[in-house]
Amino acid sequence: MRRLLIPASALLLGVGLALWQGRMHGDPPAAGGKPPPPDAALGVASCASAACHHGNGDLGKQGSEYSTFVAVDPHARAFQALYNADSKLIQKNLGGGNAHENPLCLMCHGLGAGVPQALHADGAGCEQCHGPAGGWKTTHYRPADFNRDTAPGFRDLRKLDVRAETCMKCHVGDGSREVNHDLIAAGHPRLKFEYAAYYANYPRHWTEQEKKERALDPAREARNWLQGQTATAKAALELLAVRAENKGAPWPEFAEHDCTACHHGLTSPSERQKRAADRAEAARKMGKTVRSGDVPWSSWYTGQLPLLASRAPAGTKARLDVLLQQIDDEMKERLPNRKRVGDLARQAAGLVGAWSAAEMTANLNARDVRGLIRVVGSNAGPVEMGWDGGTQAYLGIAALNFALKEMGDPAGDLKLKELRGSLRESFPAGSRPLYESPSKYDAAKVFGLLGAARMLAP
Amino acid sequence: MTGHVARWKLWAAGIALYAAVAWWGMPAEAEARQKKGEEKPAGKSGTSATPLFYPASNCENAGCHGGSPPKKWVKDKDLLCRCTEAEQWKTTDKHADAYTGLTKKLGKQMARILGYDVTKAKACLTCHAVWFDDPVVRKDSEDVGFDIKEGVSCVACHGAYLEWIGAHGILANAGKFRPLDRKVKWEKYGMKDLWDPLARAELCTSCHVGNAAEGKFVTHEMYAAGHPPLPGFELATFSNEMPRHWQYLREKKPKVAEELGLRPGELEETQLVLVGAAISLRDAMSLIADDGKKNAALDLSHFDCLACHHDLKADSWRRVRGYGTGKPGRVPMRPWSPELVRLAIKALPQASVAGQSATFEKLLAAVTGAFDAQPYGDAKTASTAAAALARFADGLARKLNRPALVTRKDAQSLLASFPSTFQTDRRLLDHDQARQAAWSFEVIHNELLATGMRKDDKAATALAGIGKSLKLRLPDKKRSLEADYPDALKRMNDYDPRDNKSLLSGLRLSPKGE
């Protein structure tokens, strides 16, 4: 017995020391012995250990999030894009230098501002969405020490509203980053985000979590769409306010307008002018003044809202309709009043934000979804105005149609294949859709195809 | 034998009529009449003659300008004119269709969108026909047969005034009228001096570019309603392709040419190109200056149509060209009007070229800078800068408006240095800029050929190539503008300067001339 005493004590001591050290410090301390500040981004590599998130299991499996990200996630390649020919051209037009060193680009294509250059190489990495890990990396796997709501810097993406808002930062823009018309003219593709569509196509690294969520909410795809439409519109309205209020920013901001309102080749005869003649005569009969050649505000983000707003909290629809019309009227002016636009946009954003929150828990059964399909299919205004309207209508119906399938009440043939075909064929053969004008868009054809949606049985 | 009037009575009536008209129309009498009670100051128009719009039908008589030149006119002198002008105008000139265009499909569409009658509105008639500020003048004109359907008719250009009609058109007066100084013919009798390149240029540009004071301004609202985009204007080309109903002085009988002031070796067409370039810029800038002064925002018509109105392409030549010193995404000024001034400056005396060129580029940069400063430009700054550039252009026009300023050697040198003037090796010229350059080369080159220069095969080939690629020929009357228009728009939309770069660079005269 005595023979074992010293080795046993040594063993106990060693284990005790190890446990004590682990409890107090977790990982080896950072240089200087201080923990990183809560807003510090640590970089993708710090999440990517085999024991943590790089398990190399099936795509999307828990524990293999990084493995999934690096294999199939487009965000992983966002930084590399800054080396390609498009980026070189953009940077040339911005006055020279390198895109991969331009903070403007790194806000979305890397890890954001104030981050060492090396950390951008992994693209729009983990912390772009999950929040800078400095304040929670060492606690987030210890339930006793980790609170999802209060952990500094942590974004709780299990909350669906936070998840949606997270995408908007880059895919719509905010006070610290945006793709404006100067950048688009330099060569950047336009931003054209639709939450439900992007979400459906995204190679997720959280498949088990997603399964759980869908089991709890069969109307998940429809809710994604409703919540996505409202959250995206809110982000867009807030961005409009930021642009209007920022005296240093170009104003009016052309990216707030429909691209093809200006960027269409002139033709004769012109369908656009024919429509304008009909509209002008109708407007004059109602005693309105008519001005031709105005540039309307883009309908991409808000075009569907008026038809859906009856779902919003009481009083929203009436006010929102007025606000959106007022914004459009003011944005049509050659020099829109900055303050007025900012105020209107913030008011509208507030309304839409409250509506978005309500959609998280709103009732949504198959009958509701069928009603939504009919409503989206009848939204003639935006569909007539251009490709943007037609595409939003198509994406809406596609999402809602999928929801009906999941809810066990399939809608039948809503002509989705034909709609998609028509929208694709709006671009000249061999073109790059994000970069080119949908000059062959046929509004009448698209609205006709939407007839199947309009006629859907309740 | 009722209905048969005695011959002597006819003669008596004829002589009486002749005498009456002769008295009325005689220059001296007209002057006296004016001095008596109708003494009018020259005023803004620059003439003290009586406004009156004779119809084209008045000029179309056989024996006048309708064909069949009179065998006898001013004693001992050859006829000044061809006497087929009115007939040619009526049958081949698009100006004769200017009014009827308002009644066609596009005109009707514009009326529906703009909400007013385009066949009656000043905004339209002031260019597409004539506009009467004074209803009394309108009544008087209608009394002598004025018909608005004649469009841009003879007197719209040659002088819508009473006195010169009788003064030049009646044999008894013509002899006295003909030798008068051209300035006097205008100031006292109202006959516009269209032999003067500057006077002709500003007459044409008043409609083809615009003139705020005369209400001649095609706004973006009108374009959006359907008005075809005003093309970049080049005076000599547009004159030639009216088609012109007049001869160049070199085409006239030598004595007549001398009488009209032709100097030996004078290059009339070249001078039109150069003076026209300066006046086009002046008037384009004046429009901007006026608009920016009156309004908080510049009308979109001052901007480059095609900078916005093109189908977006992934391989965008605009992105490849870059935005110069400007910012990407800002709407630039319409780029054609300064283009030929670069050429015009080179025609000045050698010693002043560098200085004038530097001043021009500085003034132009101030204007384009104002356009780039913010989206849709800074109207007030643009207005001031444009006014300064307009003054420069006006001064340049007057310097260039000297007879025989440009010798044959000068003209050849202008063509030989074409690539360096327009930097065709380095720049990507857009559709309108390229046409300006090509037209000017074509006119000067063809005038040199017509007056004896030996053919330069390379230049001729490059010109033929660029002529086809840019479709330098203007639509003619046989094919209506409506038939040509869709193709023209498509060409503008599809135009990629990279396809034409080598052709444009080839526009140069080989150093060995004649």
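A:Cys126 counts as buried in this predicted model, with a relative accessibility of 19%. That value sits under the 20% cut-off for a buried residue. Which cysteine sulfur is closest to the sulfur of A:Cys126? The closest one belongs to A:Cys47, at 3.8 Å, and this is too far for a bond. A disulfide would need the two sulfur atoms within 2.5 Å.

B:Cys81 is partly exposed, its relative accessible area being 27%.

Let us step back to chain A as a whole. Its secondary structure consists of 21 helices and zero strands. Along the principal axes, the C-alpha atoms of chain A fill a box of roughly 110 × 55 × 45 Å. How many of the residues of chain A count as buried? The share is 48% of the 458 residues. The contacts tell us something about how the chain is connected: among those between residues at least 6 apart in sequence, 68% join residues at least 24 apart.

While you are in chain A, two prolines deserve a visit. The peptide bond that runs from A:Trp251 to A:Pro252 is cis, with omega near 0°. You will find A:Pro252 in the loop that links helix 10 (220–245) with helix 11 (259–262) of chain A. Follow the chain past helix 11 and you come to A:Pro269, in the loop between helix 11 and helix 12 (271–285) of chain A. Here too the peptide bond is cis: it joins A:Ser268 and A:Pro269, and its omega is about -5°.

Now move over to chain B, where the backbone has points of interest of another kind. B:Asp76 is not a glycine, yet it has a positive phi of about 65°. To locate B:Asp76, look in the loop between helix 3 (56–59) and helix 4 (85–92) of chain B. Is B:Asp76 buried or exposed? With a relative accessible area of 76%, B:Asp76 is exposed, as the value lies over the 50% cut-off. B:Gln423 is also not a glycine and has a positive phi, of about 50°. B:Gln423 belongs to the loop between helix 23 (418–422) and helix 24 (431–450) of chain B. With a relative accessible area of 32%, B:Gln423 is partly exposed.

Our last stop is a pair of helices in chain B. The axes of helix 20 (residues 350–372) and helix 21 (residues 379–400) of chain B come within 8 Å and cross at roughly 150°. Angles over 145 degrees count as roughly antiparallel, and therefore helix 20 and helix 21 of chain B are roughly antiparallel to each other. The crossing of helix 20 of chain B past helix 21 of chain B is left-handed. On the side of helix 20 of chain B, the residues in contact include B:Phe360, B:Leu363, B:Leu364, B:Val367 and B:Phe371. Helix 21 of chain B contributes, among others, B:Ala385, B:Leu389, B:Phe392 and B:Lys399. What kinds of residues make up the contact of helix 20 of chain B with helix 21 of chain B? They divide into 13 nonpolar, three polar and one charged.

Definitions and conventions. Residues numbered from 1 in each chain as written. Chains lettered and ligands numbered in written order. Predicted model: local features only at pLDDT ≥ 70, side-chain atom pairs only at ≥ 80, totals over all residues. Heavy atoms only, no water. Axes fitted to C-alpha atoms, helices over the stretch in contact; angles between N-to-C directions. Helix = DSSP H or I, 4+ residues; strand = E, 2+ residues; numbered from the N terminus. Parallel < 35°, antiparallel > 145°, perpendicular 65-115°, else oblique. Left-handed = near helix turned anticlockwise from the far one by under 90°. Contact = heavy atoms within 4.5 Å. Nonpolar A, V, L, I, M, F, W, Y, C, P; charged D, E, K, R; others polar. Buried < 20%, exposed > 50% of the residue type's maximum accessible area, 1.4 Å probe, protein only.
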